[in-house]
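Biologist: I'm new to reading structures. Could you walk me through this one, step by step?

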Amino acid sequence: MHKSRKEMIAETRAKLIAAARHAFGTIGYAEASMDDFTASAGLTRGALYHHFGDKKGLLQAVITEIDGEMAARIDEVASRAPTRWQHFVDECTTYIEMALEPEIQRIMFRDGPAVLGDPAQWPNANACIASMTGHLTALQEEGVVVSSLDPETASRLINGASSQAAQRIANSNDPEATSKKVVVAFKQLLEGLLKRPGSQPN
């Protein structure tokens, strides 16, 4: 059975993203040769330019794919939390701790910011901030978080802090030890949002 044009385009894109993801995750963006990973996907440079514009566009596509996988994993972990507050904390800390995973560490938290700039400006950042704002608004309504807080402003600050935290781990000489310190500090920052500082809500 012949594949439709739409199926062929999707297949070509998927092959290029998979080949680039492997190259970026193992040898890094700067060292990855477009000729090598297009050849490993059985495609040409022309296909890469046609679908993604350039190597940078391909990195953006790889990051979008990994980001979607990270979001699904974070949701899965956070959904097991017994309270909304714990759900919120678990979402943030799970994201930060993912900086320990080699592929995510290299692509999302080292090469991504170096090539594409501040992650707070990436296309996926707005959805993350909107979700966080929703959580904080609900926590405020439940009387868990201080009422004087502006949820969107706080979400933007927390989003920036979690991104910096993950990048600190990714660029550390000892990511494991740094991660432990970073998570403790980050949780202390979040606890400052609670209506009763120093106490966990029920």
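Predicted model: local features only at pLDDT ≥ 70, side-chain atom pairs only at ≥ 80, totals over all residues.

Biologist: Okay, which residues of α1 are buried, and what do they pack against?

Modeller: Going by that cut-off, the buried residues of α1 include Thr12, Leu16, Ile17, Arg21 and Phe24. The buried residues of α1 pack against α2 (34-40), α3 (45-52), α4 and α6.

Biologist: What should α1 span, and what is the distance between its end C-alpha atoms?

Modeller: Helix α1 covers residues 5-26, which is 22 residues. At 1.5 Å a residue it should span 32 Å, and this agrees with the distance between its end C-alpha atoms, 32 Å.

Biologist: Now α9: where around the axis do its buried residues sit?

Modeller: The buried ones are Thr178, Ser179, Val182, Val183, Phe186 and Leu190. They cover an arc of only 130° around the axis, so they sit on the same side of α9.

Biologist: And which exposed residues are on the face turned away from that buried side?

Modeller: What covers the buried residues of α9 includes α5 and α8. The face turned away from them carries the exposed residues Lys180, Lys181 and Gln188.

Biologist: Last one: how do the residues lining the largest pocket divide by type?

Modeller: That pocket holds about 510 Å³ of space. Its lining has 21 residues, with Asp67, Ile74, Tyr95, Cys128 and Asn159 nearest the centre. By type, the lining divides into 13 nonpolar, five polar and three charged.

Conventions: Residues numbered from 1 in each chain as written. Heavy atoms only, no water. 1 Å grid on protein atoms, 1.4 Å probe; cavity = no way out; pocket = protein on both sides within 12 Å on 5 of 7 lines; lining within 4 Å. Points joined across faces, edges and corners; volume = space filled by probe spheres on them. Nonpolar A, V, L, I, M, F, W, Y, C, P; charged D, E, K, R; others polar. Buried < 20%, exposed > 50% of the residue type's maximum accessible area, 1.4 Å probe, protein only. Helix = DSSP H or I, 4+ residues; strand = E, 2+ residues; numbered from the N terminus. Arc of directions from axis to C-beta. Contact = heavy atoms within 4.5 Å. Expected span 1.5 Å × (residues − 1).
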